[in-house]
Amino acid sequence: MQTERQEAARLPDVVRVLLEQHARIRGLFAEVKNAQGEQKQNRFDELRALLAVHETAEELVLRPIAKKTAGDAEADARNYEEEEANQVLAEHE
């Protein structure tokens with residue numbers, strides 16, 4: 001996570017924020033896995049909220065750029081991944 005944060009510090013603000021969120025999301029997955037009881041629920045709630053914010057930012061900022069530079073298929077593939085992730089979160093809820 002530390003390496004990701006160091007690399008992110010050298011990038012444009014939006015990309016930096018998204019990469020920092022990636023690192024925090026990975027950390028929260030580990031915290032949820034290792035926590036018990038109320039702490040587990042709190043970490044899961046934090047993870048769910050961060051994922052919602054993060055995916056919205058990617059959809060609004062990155063997806064239009066991906067469509068222009070990588071094409072519709074790439075942007076659609078990322079949208080599909082987000083839909084799958086939302087289904088998994090709903091199942092775990």
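This report walks through a predicted model of one protein chain, from its overall build down to a single residue.

## The overall build

Let's start with the big picture. The protein chain has four helices and zero strands. Read from the N terminus, its elements go α-α-α-α. If you follow the C-alpha trace along its principal axes, it spans about 45 × 30 × 15 Å.

How much of the chain counts as buried? The figure is 22% of the 93 residues. As for contacts, take those with a separation of 6 or more: 42% of them join residues 24 or more positions apart.

## Two helices side by side

Now look at α3 and α4. Their axes come within 9 Å and cross at roughly 170°. Angles over 145 degrees count as roughly antiparallel, so that is the label for α3 and α4 relative to each other.

Which residues do the touching between α3 and α4? On the α3 side you'll find Phe44, Leu51, Glu55, Glu58, Glu59, Arg63, Lys67 and Ala70. They meet Asp72, Glu74, Ala75, Arg78, Asn79, Glu82, Leu89 and His92 in α4. Sorted by type, the residues of this contact come out as nine charged, five nonpolar and two polar.

## A closer look at Arg63

One residue of this contact is worth a visit on its own. Arg63 belongs to helix α3. Is Arg63 buried or exposed? Its relative accessible area is 9%, and buried means under 20%, so Arg63 counts as buried.

Who are its partners? Leaving out residues up to four places away in sequence, Arg63 touches Glu55, Glu58, Ala75, Arg78, Asn79 and Glu82. Among these, Glu55 and Glu58 are listed on the α3 side of the helix contact, while Ala75, Arg78, Asn79 and Glu82 are listed on the α4 side.

## The largest pocket

The largest pocket holds about 500 Å³. It is lined by 18 residues, and those closest to its centre are Ile25, Phe29, Leu47, Leu51 and Leu89. Two of these names, Leu51 and Leu89, also turn up in the contact of α3 with α4.

Where does the lining come from? The elements giving two or more residues to it are α2 (13-34), α3 (37-70) and α4 (72-92). The largest share, eight residues, is from α3. By type, the lining of this pocket splits into nine nonpolar, five charged and four polar residues.

Note on methods
Residues are numbered from 1 along each chain as its sequence is written. This is a predicted model: local features need pLDDT of at least 70, side-chain atom pairs count only at pLDDT 80 or more; totals for chains, interfaces and linings use all residues. Side-chain values use heavy atoms; hydrogens and water are left out. On a 1 Å grid over the protein atoms alone, a cavity is a set of points where a 1.4 Å probe fits but cannot get out, and a pocket is an open set with protein on both sides within 12 Å along at least five of seven lines; lining residues have an atom within 4 Å of a point. Grid points are joined across faces, edges and corners, and a volume is the space filled by probe spheres set on the points. Ala, Val, Leu, Ile, Met, Phe, Trp, Tyr, Cys and Pro count as nonpolar, Asp, Glu, Lys and Arg as charged, and the others, Gly among them, as polar. Axes are lines fitted to C-alpha atoms, for helices over the stretch in contact, and angles run from 0 to 180 degrees between N-to-C directions. Angles under 35 degrees count as roughly parallel, over 145 as roughly antiparallel, 65 to 115 as roughly perpendicular and the rest as oblique. Contact means heavy atoms within 4.5 Å. Buried means under 20% relative accessible area, exposed over 50%, partly exposed in between (1.4 Å probe, protein chains only).
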